[in-house]
Amino acid sequence: MAPHRKSRPPSSLGIRTPAIATAALTSVALLSQTADASPAAEPRPSTEEVQKKIDDLYQQAGTATEKYNAAREKTTKQRKRVATLLDDVAQRTEKLNSAREALGTFAAAQYRTGASAPDTASLLLADNPQDYFDQTQLMNRLTARQKQAVDDYVTQRATTSKKRQEASEGLETLTTTQSTLKTSKADVQRKLAEARDLLSRLTAEEKARLAAIERKKQEEARRKADELARQQAADAERRRQEAATQDTGAATGSGTGTGSVPGSDSASSTKAAKALAFARAQIGKPYVWGASGPGSYDCSGLTQAAWKAAGVTLPRTTWDQVETGTTVSVDNAQPGDLVFFYDDISHVGIYIGDGMMIHAPKPGAYVREESIYYMPIHSVVRPG
């Protein structure tokens, strides 16, 4: 008899298996597609955003340039000081060696002649009394001169030690400043490289758009310059009329004015004219960061050179130049005044009147005339 086998009820799981398998395959496919899909690309910045980024990079490069200029000027001064200190140490060392030799000579002489002066017994035993007096005089001289030699040696040793310490500290400071110089130089180069990279990735259409933005910016800056020119012309005419009225009053005995116009000092005007003449002669020369002429300039290098041509010595950096002279309002700016820009005072130009200036703008550009409203103004300073 065949073995009895109890039939198994149909499995509910078995009925659902095809559906589950299909869903699982679908999920795997979706996950696979998700994994294979590339991440969503970041939205491309607008042309305006690119322009702002480039402008910011150039400003940051300008700030780094002024840091570089300051470090380089400081390094130059420190090198000279260290060289002077090292020369002084060498001279002091020679004097110290001479003092040491003199001290050794006197010590040897005293050893040969005896440590103390002859006494009365020596006089009685001397073959010739005169020999005694000669020997005593020699010993007295040796004692006085030896004391002087000791004093000289001690003084020279102390002075030489001090100079060596100063030279050592000077070298440490120089090393620190040179490190700052190197860091600032690398910072400038990095910012400029970023700006060039942004420009290189622009399409022809985007470059055209940038050019249009630049033209609009220039037009707006020029419009503001024209407004300032009209205002300054009106102010000048008002002062002229006031001066004429004062002169008339003085002639009739009813006035007290002198007829002078504020800011008309002839000596200052002559210097300003010379500075402007020099600046105009540099128009067309390239901007090169860290340069102060004669073939190329950065912003503060140009203003320093211009005023040097007028006989006025300005510091090298914008941060120092802004502290040299008298601060005036933009409305009262006169030809030759220095106009500083940005909150960090990282750019400067020389005012030529009518809201315009001559300046060395940025890498890739040339010394040129431009509206002072092309950049945010920080202050105006009249050198003197």
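**Entry 1**

I began in helix H5, where Asp 226 and Arg 222 both lie, four residues apart, about one turn of the helix; helices here are DSSP runs of H or I with at least four residues, strands are runs of E with at least two, and both are numbered from the N terminus. The side chains of Asp 226 and Arg 222 meet in a salt bridge at 3.4 Å, N to O, a salt bridge being a side-chain nitrogen of Lys or Arg within 4 Å of a carboxyl oxygen of Asp or Glu. I noted Asp 226 as partly exposed at a relative accessible area of 31%, and Arg 222 as partly exposed too, at 42%; buried means under 20% relative accessible area, exposed over 50%, and partly exposed in between, with a 1.4 Å probe and protein chains only.

Before going on, I wrote down that this is a predicted model, in which local features need pLDDT of at least 70 and side-chain atom pairs count only at pLDDT 80 or more, while totals for chains, interfaces and linings use all residues. Residues are numbered from 1 along each chain as its sequence is written, and side-chain values use heavy atoms, with hydrogens and water left out.

Next I looked up Arg 223 and Glu 227, whose side chains meet in a salt bridge of 2.4 Å, N to O, and which are separated by about one helical turn because they stand four residues apart in helix H5. Arg 223 is partly exposed at 38%, and Glu 227 is partly exposed at 36%.

Further along helix H5, Arg 240 forms a salt bridge with Glu 237, the closest N and O atoms being 2.6 Å apart; these two are three residues apart in the helix, so about one helical turn separates them. I recorded 47% for Arg 240, partly exposed, and 33% for Glu 237, also partly exposed.

A search of the whole structure finds 17 salt bridges, and I also noted a network of them that links Asp 88, Arg 92, Lys 163 and Glu 166.

**Entry 2: rings**

How many aromatic pairs does a search of the whole structure find? The search returns one. Tyr 68 and Trp 289 form this pair, edge-to-face, at 4.9 Å centre to centre and 75 degrees between the planes; for the term, rings of Phe, Tyr and Trp (its six-membered ring) pair if their centres lie within 6.5 Å, and planes under 30 degrees apart count as stacked, over 60 as edge-to-face and the rest as tilted. Tyr 68 lies in helix H2 and Trp 289 in the loop between H6 and H7, so the pair ties together parts that are 221 residues apart in sequence. Both Tyr 68 and Trp 289 are buried.

I also found the charged end of Lys 217 over the ring of Tyr 374, 4.3 Å from its centre, where the criterion asks for NZ of Lys or CZ of Arg within 6 Å of the ring centre and within 35 degrees of the ring normal.

**Entry 3: nonpolar cores**

Which residues have the most contacts inside the largest nonpolar core? They are Trp 307, Phe 340, Ile 350 and Ile 358, in a core of 43 residues; a nonpolar core is a set of buried Ala, Val, Leu, Ile, Met, Phe, Trp, Tyr and Cys residues joined through side-chain atoms within 4.5 Å. Among the elements that give two or more residues to this core are helix H4 (129–200), helix H7 (299–309) and strand E3 (347–353), but the largest share, eight residues, comes from H2.

I then listed partners of Ile 350, leaving aside its neighbours within four places in sequence: its contacts (heavy atoms within 4.5 Å) include Ala 275, Leu 276, Thr 303, Trp 307 and Met 357. A second, separate core has 13 residues, including Val 339, Tyr 342, Met 357 and Val 380.

**Entry 4: Glu 101 and the whole chain**

Is Glu 101 buried or exposed? At 55% relative accessibility Glu 101 counts as exposed, and it is found in helix H2 (residues 47–113). The C-alpha atoms of Glu 101 and Tyr 153, 52 residues apart along the chain, are separated by 9.3 Å.

For the chain, I noted eight helices and six strands, and of its 384 residues 32% count as buried. Among contacts between residues at least 6 apart in sequence, 68% join residues at least 24 apart.
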